[in-house]
Amino acid sequence: MKKKLLFIMPSLDSGGGEKSLINLLTTLDFNQYDVELRLFAKRGLFLDLVLNEVKVTEISGDYQHFSKAVLSSVLYFISRLKIELAIHRIIFFIKNSFIKNKAIAEQQTWENKAVAIPKFKEEYDTAIAFIEKSSIYYLINKVNAKQKIGWIHTNYTSSGLNADFDRDYFSQLDYLVTVSPECQQSLNANFPEIQSKIKVVHNIVSVKTVQQLASENINDTQFKPNDFTIVTVARLSQEKGIDTAVEACKIAVESNKKIKWYVIGEGNERAKLQQLIADYQLQNHFFLLGLRANPYPYVKHATVYVQPSRYEGKSIAIDEAKILAKPIVVTNFTTAKDQINHLKNGIISGNDATQLANDILMVLNDKNLQNNLSVHLTQGIQDNSAEEITQFYSMLNA
(Lines give C-alpha, C1' and ligand atoms only; values in the text may rest on other atoms or scores of the structure.)
Protein backbone atom coordinates (compact mmCIF):
# COMPACT_ATOMS: atom_id res chain seq x y z
CA MET A 1 0.00 0.00 0.00
CA LYS A 2 1.32 3.43 -0.94
CA LYS A 3 2.34 5.87 1.77
CA LYS A 4 0.58 9.24 1.79
CA LEU A 5 2.93 12.22 1.69
CA LEU A 6 1.94 15.86 2.12
CA PHE A 7 4.30 18.71 1.19
CA ILE A 8 3.52 22.24 2.41
CA MET A 9 4.70 25.51 0.83
CA PRO A 10 3.43 29.10 0.81
CA SER A 11 3.40 29.17 -3.03
CA LEU A 12 5.54 28.21 -5.98
CA ASP A 13 6.88 31.68 -6.67
CA SER A 14 10.42 31.76 -7.97
CA GLY A 15 13.00 30.97 -5.30
CA GLY A 16 15.61 28.45 -4.26
CA GLY A 17 13.32 26.57 -1.89
CA GLU A 18 10.59 26.31 -4.49
CA LYS A 19 13.03 25.10 -7.15
CA SER A 20 14.48 22.56 -4.71
CA LEU A 21 10.98 21.21 -4.03
CA ILE A 22 10.25 20.81 -7.76
CA ASN A 23 13.50 18.87 -8.18
CA LEU A 24 12.67 16.61 -5.22
CA LEU A 25 9.13 15.94 -6.44
CA THR A 26 10.48 15.05 -9.87
CA THR A 27 12.76 12.45 -8.29
CA LEU A 28 10.13 10.72 -6.10
CA ASP A 29 8.99 7.13 -6.75
CA PHE A 30 5.24 7.47 -7.30
CA ASN A 31 4.84 3.70 -7.18
CA GLN A 32 5.58 3.96 -3.45
CA TYR A 33 3.98 7.28 -2.55
CA ASP A 34 0.73 9.18 -3.07
CA VAL A 35 1.86 12.80 -3.02
CA GLU A 36 -0.08 15.97 -2.28
CA LEU A 37 1.31 19.50 -2.36
CA ARG A 38 -0.65 22.02 -0.30
CA LEU A 39 -0.04 25.70 -0.97
CA PHE A 40 -1.13 28.76 0.99
CA ALA A 41 -1.67 30.35 -2.44
CA LYS A 42 -1.93 28.28 -5.61
CA ARG A 43 0.32 30.40 -7.79
CA GLY A 44 3.88 30.82 -8.93
CA LEU A 45 6.36 30.49 -11.74
CA PHE A 46 7.02 26.83 -10.95
CA LEU A 47 3.37 25.73 -10.73
CA ASP A 48 3.37 24.39 -14.28
CA LEU A 49 6.45 22.28 -13.52
CA VAL A 50 4.67 20.12 -10.92
CA LEU A 51 4.24 16.59 -12.24
CA ASN A 52 0.71 15.34 -12.93
CA GLU A 53 1.23 12.61 -10.32
CA VAL A 54 1.26 15.29 -7.60
CA LYS A 55 -2.13 16.48 -6.34
CA VAL A 56 -1.94 20.25 -5.82
CA THR A 57 -4.34 21.77 -3.28
CA GLU A 58 -4.77 25.16 -1.67
CA ILE A 59 -5.66 26.21 1.87
CA SER A 60 -9.27 27.19 1.48
CA GLY A 61 -12.14 28.71 3.44
CA ASP A 62 -11.69 31.90 5.44
CA TYR A 63 -7.95 32.02 4.78
CA GLN A 64 -8.45 32.97 1.13
CA HIS A 65 -10.39 36.04 2.27
CA PHE A 66 -7.93 36.72 5.09
CA SER A 67 -5.08 36.90 2.56
CA LYS A 68 -6.76 39.63 0.48
CA ALA A 69 -6.16 43.37 0.94
CA VAL A 70 -6.94 44.46 4.48
CA LEU A 71 -10.03 46.60 3.74
CA SER A 72 -11.62 44.01 1.48
CA SER A 73 -10.85 41.27 3.99
CA VAL A 74 -12.22 43.14 7.02
CA LEU A 75 -15.41 44.18 5.23
CA TYR A 76 -16.00 40.60 4.10
CA PHE A 77 -15.70 39.24 7.64
CA ILE A 78 -17.84 41.98 9.18
CA SER A 79 -20.58 41.45 6.58
CA ARG A 80 -20.73 37.82 7.66
CA LEU A 81 -20.57 38.68 11.37
CA LYS A 82 -17.14 37.03 11.73
CA ILE A 83 -15.95 39.78 14.04
CA GLU A 84 -13.07 37.80 15.57
CA LEU A 85 -11.59 37.21 12.14
CA ALA A 86 -11.98 40.89 11.26
CA ILE A 87 -10.11 41.86 14.44
CA HIS A 88 -7.31 39.38 13.75
CA ARG A 89 -7.00 40.70 10.18
CA ILE A 90 -6.59 44.25 11.50
CA ILE A 91 -3.98 43.13 14.05
CA PHE A 92 -2.19 41.16 11.31
CA PHE A 93 -2.02 44.34 9.20
CA ILE A 94 -0.76 46.49 12.10
CA LYS A 95 1.97 44.04 13.10
CA ASN A 96 3.21 43.73 9.52
CA SER A 97 3.24 47.51 9.21
CA PHE A 98 5.28 48.16 12.34
CA ILE A 99 7.59 45.13 12.68
CA LYS A 100 10.44 45.99 10.32
CA ASN A 101 12.12 42.57 10.46
CA LYS A 102 9.92 40.56 8.07
CA ALA A 103 11.08 37.22 9.47
CA ILE A 104 10.01 38.26 12.98
CA ALA A 105 6.79 39.72 11.56
CA GLU A 106 5.87 36.36 10.03
CA GLN A 107 6.43 34.66 13.37
CA GLN A 108 4.50 37.25 15.36
CA THR A 109 1.54 37.28 12.99
CA TRP A 110 1.13 33.51 12.79
CA GLU A 111 -1.38 33.38 15.65
CA ASN A 112 -3.55 35.93 13.83
CA LYS A 113 -3.34 34.15 10.49
CA ALA A 114 -3.88 30.72 12.04
CA VAL A 115 -7.37 31.69 13.22
CA ALA A 116 -8.48 31.77 9.57
CA ILE A 117 -6.93 28.41 8.67
CA PRO A 118 -9.00 25.24 9.19
CA LYS A 119 -7.43 22.16 10.73
CA PHE A 120 -7.17 19.40 8.13
CA LYS A 121 -8.72 16.13 9.26
CA GLU A 122 -7.20 13.73 6.73
CA GLU A 123 -4.24 11.76 8.08
CA TYR A 124 -0.94 11.39 6.25
CA ASP A 125 1.92 9.00 6.82
CA THR A 126 4.40 11.88 6.54
CA ALA A 127 3.86 15.62 6.20
CA ILE A 128 6.77 17.85 5.17
CA ALA A 129 6.87 21.61 5.63
CA PHE A 130 9.42 22.33 2.93
CA ILE A 131 10.40 25.81 4.05
CA GLU A 132 10.80 27.64 7.34
CA LYS A 133 8.31 29.81 9.24
CA SER A 134 4.58 29.58 8.41
CA SER A 135 4.83 26.22 6.62
CA ILE A 136 6.26 24.63 9.77
CA TYR A 137 3.78 26.35 12.05
CA TYR A 138 0.93 25.13 9.83
CA LEU A 139 2.36 21.61 9.87
CA ILE A 140 2.41 21.52 13.67
CA ASN A 141 -0.89 23.28 14.35
CA LYS A 142 -3.13 22.19 11.49
CA VAL A 143 -1.98 18.86 9.99
CA ASN A 144 -2.68 15.32 11.15
CA ALA A 145 0.32 13.11 10.28
CA LYS A 146 2.13 10.15 11.81
CA GLN A 147 5.49 11.76 11.02
CA LYS A 148 6.29 15.47 10.68
CA ILE A 149 9.39 16.88 8.97
CA GLY A 150 10.42 20.53 8.78
CA TRP A 151 12.88 22.01 6.27
CA ILE A 152 15.19 25.00 6.73
CA HIS A 153 16.79 26.43 3.58
CA THR A 154 18.87 29.16 5.18
CA ASN A 155 21.53 29.76 7.79
CA TYR A 156 19.33 30.09 10.88
CA THR A 157 21.70 32.39 12.77
CA SER A 158 21.71 34.88 9.88
CA SER A 159 17.98 34.62 9.16
CA GLY A 160 16.77 37.11 11.77
CA LEU A 161 14.32 34.57 13.21
CA ASN A 162 13.51 34.36 16.92
CA ALA A 163 14.75 30.97 18.12
CA ASP A 164 12.61 31.12 21.27
CA PHE A 165 9.50 31.33 19.11
CA ASP A 166 10.56 28.38 16.94
CA ARG A 167 11.80 26.16 19.77
CA ASP A 168 8.42 24.70 20.70
CA TYR A 169 7.51 24.07 17.06
CA PHE A 170 10.82 22.40 16.25
CA SER A 171 10.57 20.16 19.33
CA GLN A 172 7.38 18.63 17.89
CA LEU A 173 9.05 17.63 14.60
CA ASP A 174 10.38 14.14 13.99
CA TYR A 175 13.15 15.61 11.84
CA LEU A 176 14.42 19.09 11.06
CA VAL A 177 16.18 19.03 7.69
CA THR A 178 18.60 21.60 6.34
CA VAL A 179 20.64 21.92 3.18
CA SER A 180 24.33 22.06 4.16
CA PRO A 181 26.70 21.15 7.02
CA GLU A 182 27.17 24.86 7.78
CA CYS A 183 23.40 25.31 8.16
CA GLN A 184 23.28 22.20 10.34
CA GLN A 185 25.94 23.67 12.63
CA SER A 186 23.88 26.85 12.93
CA LEU A 187 20.78 24.87 13.92
CA ASN A 188 22.76 22.76 16.37
CA ALA A 189 24.04 25.93 18.03
CA ASN A 190 20.57 27.47 18.30
CA PHE A 191 18.69 24.27 19.20
CA PRO A 192 21.15 21.96 21.01
CA GLU A 193 18.29 20.04 22.62
CA ILE A 194 17.19 18.57 19.26
CA GLN A 195 20.57 17.93 17.62
CA SER A 196 19.73 14.26 17.03
CA LYS A 197 16.74 15.31 14.88
CA ILE A 198 18.69 17.71 12.64
CA LYS A 199 19.67 16.14 9.30
CA VAL A 200 21.28 17.35 6.08
CA VAL A 201 19.69 16.70 2.68
CA HIS A 202 21.43 18.70 -0.03
CA ASN A 203 19.33 20.41 -2.68
CA ILE A 204 18.75 18.03 -5.58
CA VAL A 205 20.21 19.40 -8.80
CA SER A 206 19.80 17.58 -12.11
CA VAL A 207 22.87 18.09 -14.31
CA LYS A 208 21.08 16.77 -17.39
CA THR A 209 18.05 19.04 -16.95
CA VAL A 210 20.09 22.19 -16.38
CA GLN A 211 22.30 21.54 -19.40
CA GLN A 212 19.31 20.77 -21.62
CA LEU A 213 17.42 23.91 -20.60
CA ALA A 214 20.55 26.04 -20.98
CA SER A 215 20.73 25.12 -24.67
CA GLU A 216 17.40 26.83 -25.45
CA ASN A 217 17.37 30.11 -27.35
CA ILE A 218 16.86 33.46 -25.63
CA ASN A 219 14.14 35.62 -27.15
CA ASP A 220 14.72 38.66 -25.01
CA THR A 221 15.52 42.07 -26.49
CA GLN A 222 16.74 43.32 -23.09
CA PHE A 223 19.54 40.75 -22.94
CA LYS A 224 22.54 41.68 -25.07
CA PRO A 225 25.58 39.74 -23.84
CA ASN A 226 29.16 40.66 -24.64
CA ASP A 227 32.57 39.71 -23.21
CA PHE A 228 31.82 41.62 -20.01
CA THR A 229 28.42 40.18 -19.12
CA ILE A 230 27.47 39.46 -15.50
CA VAL A 231 24.40 37.45 -14.52
CA THR A 232 22.81 37.03 -11.09
CA VAL A 233 19.76 34.88 -10.30
CA ALA A 234 18.17 35.97 -7.01
CA ARG A 235 15.12 37.44 -5.33
CA LEU A 236 15.09 41.22 -5.09
CA SER A 237 15.23 41.10 -1.31
CA GLN A 238 17.55 42.44 1.36
CA GLU A 239 19.34 39.18 2.09
CA LYS A 240 20.35 38.71 -1.56
CA GLY A 241 22.46 41.87 -1.58
CA ILE A 242 21.35 43.24 -4.95
CA ASP A 243 21.85 46.77 -3.59
CA THR A 244 25.51 45.87 -3.02
CA ALA A 245 25.62 44.56 -6.60
CA VAL A 246 24.34 47.91 -7.92
CA GLU A 247 27.05 49.76 -5.98
CA ALA A 248 29.69 47.30 -7.20
CA CYS A 249 28.48 47.80 -10.76
CA LYS A 250 28.90 51.58 -10.43
CA ILE A 251 32.51 51.08 -9.32
CA ALA A 252 33.26 48.50 -12.02
CA VAL A 253 31.72 50.57 -14.83
CA GLU A 254 34.10 53.42 -14.00
CA SER A 255 36.88 51.05 -15.13
CA ASN A 256 35.01 49.29 -17.94
CA LYS A 257 32.09 50.94 -19.72
CA LYS A 258 31.21 47.71 -21.55
CA ILE A 259 29.94 45.94 -18.41
CA LYS A 260 26.34 44.68 -18.53
CA TRP A 261 24.88 43.18 -15.34
CA TYR A 262 21.57 41.30 -15.57
CA VAL A 263 19.55 40.19 -12.54
CA ILE A 264 16.87 37.54 -12.97
CA GLY A 265 14.34 37.55 -10.15
CA GLU A 266 11.60 39.56 -8.50
CA GLY A 267 10.95 40.84 -5.00
CA ASN A 268 9.91 43.59 -2.64
CA GLU A 269 13.04 45.72 -3.18
CA ARG A 270 12.44 46.39 -6.88
CA ALA A 271 11.41 50.04 -6.42
CA LYS A 272 14.36 50.76 -4.12
CA LEU A 273 16.79 49.12 -6.55
CA GLN A 274 15.38 50.93 -9.57
CA GLN A 275 15.88 54.22 -7.76
CA LEU A 276 19.46 53.25 -6.88
CA ILE A 277 20.16 52.34 -10.51
CA ALA A 278 18.81 55.74 -11.59
CA ASP A 279 20.80 57.59 -8.90
CA TYR A 280 24.00 55.95 -10.14
CA GLN A 281 23.03 56.46 -13.82
CA LEU A 282 23.39 52.75 -14.54
CA GLN A 283 20.32 52.35 -16.75
CA ASN A 284 22.56 51.11 -19.60
CA HIS A 285 24.58 48.79 -17.39
CA PHE A 286 22.40 47.22 -14.66
CA PHE A 287 19.15 45.50 -15.64
CA LEU A 288 16.39 43.99 -13.49
CA LEU A 289 14.92 41.47 -15.92
CA GLY A 290 12.27 40.11 -13.56
CA LEU A 291 11.26 36.46 -13.45
CA ARG A 292 12.23 34.08 -16.22
CA ALA A 293 10.84 30.54 -16.38
CA ASN A 294 14.16 29.34 -17.79
CA PRO A 295 17.13 31.37 -16.46
CA TYR A 296 19.76 28.86 -17.61
CA PRO A 297 20.46 30.26 -21.11
CA TYR A 298 21.16 33.63 -19.49
CA VAL A 299 23.68 32.03 -17.14
CA LYS A 300 25.20 30.08 -20.04
CA HIS A 301 25.83 33.29 -21.98
CA ALA A 302 27.33 35.13 -19.00
CA THR A 303 31.03 35.83 -18.75
CA VAL A 304 30.82 35.73 -14.95
CA TYR A 305 28.09 34.57 -12.57
CA VAL A 306 27.89 36.68 -9.37
CA GLN A 307 26.05 35.92 -6.12
CA PRO A 308 26.19 39.05 -3.91
CA SER A 309 24.17 37.65 -0.99
CA ARG A 310 24.41 38.76 2.61
CA TYR A 311 23.52 35.22 3.68
CA GLU A 312 22.50 31.93 2.08
CA GLY A 313 21.67 28.40 3.11
CA LYS A 314 23.00 26.53 0.13
CA SER A 315 22.39 28.41 -3.09
CA ILE A 316 20.83 26.35 -5.88
CA ALA A 317 21.68 29.17 -8.30
CA ILE A 318 25.38 28.73 -7.52
CA ASP A 319 25.16 24.96 -8.01
CA GLU A 320 23.49 25.52 -11.37
CA ALA A 321 26.12 28.05 -12.45
CA LYS A 322 28.74 25.44 -11.49
CA ILE A 323 27.01 22.86 -13.72
CA LEU A 324 27.27 25.35 -16.61
CA ALA A 325 30.98 25.84 -15.79
CA LYS A 326 30.66 29.59 -15.39
CA PRO A 327 33.38 31.57 -13.58
CA ILE A 328 31.71 32.46 -10.28
CA VAL A 329 32.23 35.32 -7.84
CA VAL A 330 30.39 35.21 -4.50
CA THR A 331 30.42 37.39 -1.42
CA ASN A 332 31.80 35.91 1.77
CA PHE A 333 28.51 34.82 3.34
CA THR A 334 28.85 32.15 6.03
CA THR A 335 28.09 29.15 3.81
CA ALA A 336 30.10 30.29 0.75
CA LYS A 337 32.88 27.79 1.43
CA ASP A 338 30.33 24.94 1.26
CA GLN A 339 30.15 25.55 -2.49
CA ILE A 340 33.18 27.53 -3.61
CA ASN A 341 36.86 26.64 -3.24
CA HIS A 342 38.52 30.06 -3.50
CA LEU A 343 40.63 30.56 -6.63
CA LYS A 344 39.98 26.97 -7.72
CA ASN A 345 36.34 26.80 -8.84
CA GLY A 346 35.37 30.39 -8.04
CA ILE A 347 36.21 33.56 -6.17
CA ILE A 348 35.04 34.31 -2.63
CA SER A 349 35.07 38.08 -2.46
CA GLY A 350 34.43 40.48 0.39
CA ASN A 351 31.02 41.65 1.50
CA ASP A 352 31.54 45.28 0.49
CA ALA A 353 30.88 46.76 -2.93
CA THR A 354 34.48 47.87 -3.56
CA GLN A 355 36.01 44.43 -3.00
CA LEU A 356 33.23 42.78 -5.01
CA ALA A 357 33.81 45.16 -7.92
CA ASN A 358 37.56 44.60 -7.84
CA ASP A 359 37.21 40.82 -7.88
CA ILE A 360 34.66 40.90 -10.69
CA LEU A 361 37.01 43.09 -12.74
CA MET A 362 39.87 40.71 -11.99
CA VAL A 363 37.91 37.82 -13.52
CA LEU A 364 36.47 39.80 -16.43
CA ASN A 365 39.93 41.03 -17.44
CA ASP A 366 41.75 37.70 -17.16
CA LYS A 367 40.84 35.09 -19.80
CA ASN A 368 43.29 32.57 -18.33
CA LEU A 369 41.63 32.83 -14.93
CA GLN A 370 38.22 32.39 -16.53
CA ASN A 371 39.40 29.27 -18.35
CA ASN A 372 41.04 27.78 -15.25
CA LEU A 373 37.91 28.28 -13.16
CA SER A 374 35.72 26.75 -15.86
CA VAL A 375 38.03 23.73 -16.26
CA HIS A 376 37.88 22.96 -12.53
CA LEU A 377 34.10 23.30 -12.58
CA THR A 378 33.77 20.97 -15.56
CA GLN A 379 35.81 18.33 -13.75
CA GLY A 380 33.61 18.60 -10.66
CA ILE A 381 30.17 18.19 -12.26
CA GLN A 382 28.09 15.47 -10.65
CA ASP A 383 24.42 14.60 -10.34
CA ASN A 384 23.47 14.20 -6.65
CA SER A 385 19.83 13.15 -7.07
CA ALA A 386 20.26 9.44 -6.26
CA GLU A 387 22.26 10.07 -3.10
CA GLU A 388 19.97 12.80 -1.73
CA ILE A 389 16.69 11.03 -2.48
CA THR A 390 18.05 7.95 -0.70
CA GLN A 391 18.76 10.14 2.34
CA PHE A 392 15.20 11.47 2.17
CA TYR A 393 13.71 7.96 1.89
CA SER A 394 15.70 6.85 4.94
CA MET A 395 13.78 9.38 7.04
CA LEU A 396 10.43 8.35 5.60
CA ASN A 397 11.14 4.70 6.41
CA ALA A 398 12.60 5.27 9.88
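Which residues does L47 touch, not counting residues up to four places away in sequence? In this predicted model, local features need pLDDT of at least 70 and side-chain atom pairs count only at pLDDT 80 or more, while totals for chains, interfaces and linings use all residues. Residues are numbered from 1 along each chain as its sequence is written, and side-chain values use heavy atoms, with hydrogens and water left out.

L47 touches L12, L39, K42 and V56, where contact means heavy atoms within 4.5 Å. L47 is found in the loop between strand 2 (33–39) and strand 3 (54–58); strands (E, at least two residues) and helices (H or I, at least four) are DSSP runs, numbered from the N terminus. With a relative accessible area of 22%, L47 is partly exposed; buried means under 20%, exposed over 50%, and partly exposed in between, for a 1.4 Å probe and protein chains only. E18 lies 29 residues from L47 in sequence, and the two are 9.6 Å apart in space, C-alpha to C-alpha.

Strand 1 and strand 2 run parallel and are joined by seven bridges, and F7 has L37 of strand 2 as its bridge partner. Six of the seven residues of strand 2 are buried, leaving this strand mostly covered. Further along the sheet, six bridges pair strand 4 (residues 123–129) with strand 5 (residues 144–152) in the parallel sense. There, I128 has its bridge partner, I149, in strand 5.

What about the nonpolar interior? The largest nonpolar core has 38 residues, and F40, W110, I136, Y138, V143, F170 and L176 have the most contacts inside it. Helix 7 (residues 134–142) gives the largest share of this core, five residues. Such a core is a set of buried Ala, Val, Leu, Ile, Met, Phe, Trp, Tyr and Cys residues joined through side-chain atoms within 4.5 Å. Leaving aside neighbours within four places in sequence, Y138 is in contact with I8, R38, F40, I59, W110, I117, F120 and V143.

A second open sheet has six strands in the order 10-9-8-11-12-13, again with parallel pairing. Strand 10 (286–290) and strand 13 (347–348) stand at its edges, each with a single partner strand. Strand 8 (residues 229–233) pairs with strand 9 (residues 260–264) over five bridges, and T232 has V263 of strand 9 as its bridge partner.

Finally, helix 11 (residues 242–255) and helix 12 (residues 270–279) pack at an angle of about 10 degrees, with their axes 10 Å apart. I242, D243 and V246 of helix 11 meet K272, L273, L276 and I277 of helix 12.

Note on methods: Axes fitted to C-alpha atoms, helices over the stretch in contact; angles between N-to-C directions. Pairing = 2+ DSSP bridges.
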